[in-house]
Amino acid sequence: MKLDKPGQAALLKLGEIDLALAKLKAELLRQIDSKELADLQEQLTLSAGELLAARTEAENLSLTVRRSEEDIRLVDERLARDTERLNTTSSPKDAQAIEREIESLKKRMSDLEDIELGLLAELEASEKVLAQATSKKESINTSLVKLQDEIQAKVDELKSQGRKLTADKAVVVEKVSQEVLSQYEKLATRQIAVGTVDDRGCTACRMNLTVGALDNIKSLPEDELAICPECQAFIVR
Ligand SMILES: [Zn+2]
């Protein structure tokens, strides 16, 4: 196929641009399909579950502590009332009964205070777990947002490079004849469609060319495109 020298240079450039566009597309997919991002999203979901469980546990314990405090308050009130009654009663029989009740209330109070202490220790431990779960989730979330921002910045950069390459491509395509272009596009769907000879090898397929093939390529007129005998790619000299 015939193609003038500027056209051949444009064809070579077109090959480079298409290669760069393919690399860009692969990199874009790699960025979007980030394993690190998926891992962080999974960690965040797990951590949100842990946080919810820790919060429920702490809230339940807090409620139990309030109930226990209310029990203590009621026993305390009754003790105060009984002490008052003991001080004012004139009946020794009543006084005896009240004293027995006070004894029993004091025992109840002591038991309740023991329970309360145990509950407070549990609540403290559970609040520690809650604080840890909260800060763990925050930290994962911070990493996730940071990574998402980084990915977005890379994606934006790649898209901008892609727009520039596409614009460059439109310029070089203008310099290549329709005939060569359609053959190039046919080839480009399955392989590198244009190369040069470098150290006796075709840069499109990386195969070494025979001396005869190299002579054939050299002997072609300047405006005739060479074809690699190994991969059929256009060879620009
Ligand atoms: Zn080749």
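Which residues does valine 172 touch, not counting residues up to four places away in sequence? They are Ala10, Lys13, Leu14 and Ile17. Keep in mind that this is a predicted model.

**Domains**
- The protein chain is divided into domain 1 (1–32 + 177–237) and domain 2 (34–153).
- Taken over C-alpha atoms, the centres of domain 1 and domain 2 sit 75 Å apart.

**Helix H1**
- Helix H1 covers residues 5–32, which makes 28 residues.
- At 1.5 Å a residue, H1 should span 40 Å, and its end C-alpha atoms are 41 Å apart, so the two values agree.
- Gly7, Gln8, Ala10, Leu11, Leu14, Gly15 and Ile17 are the buried residues in H1.
- Those buried residues pack against helix H3 (92–173), helix H4 (178–188), strand E1 (194–195) and strand E5 (234–235).

**The largest nonpolar core**
- This core has 19 residues, and the ones touching the most other members are Leu11, Tyr184, Val194, Ala233, Phe234 and Ile235.

- You'll find valine 172 in helix H3.
- Is valine 172 buried or partly exposed? It's partly exposed, because it has 19 other C-beta atoms within 10 Å, and being buried takes 20 or more.
- Valine 172 and alanine 204 are 32 residues apart along the chain, and their C-alpha atoms are separated by 19 Å.

Note on methods: Residues numbered from 1 in each chain as written. Predicted model: local features only at pLDDT ≥ 70, side-chain atom pairs only at ≥ 80, totals over all residues. Helix = DSSP H or I, 4+ residues; strand = E, 2+ residues; numbered from the N terminus. Expected span 1.5 Å × (residues − 1). Buried ≥ 20, exposed ≤ 12 C-beta atoms within 10 Å, placed from the backbone. Contact = placed C-beta atoms within 7 Å. Domains from an automatic or database assignment. Core = buried A, V, L, I, M, F, W, Y, C linked by C-beta atoms within 7 Å.
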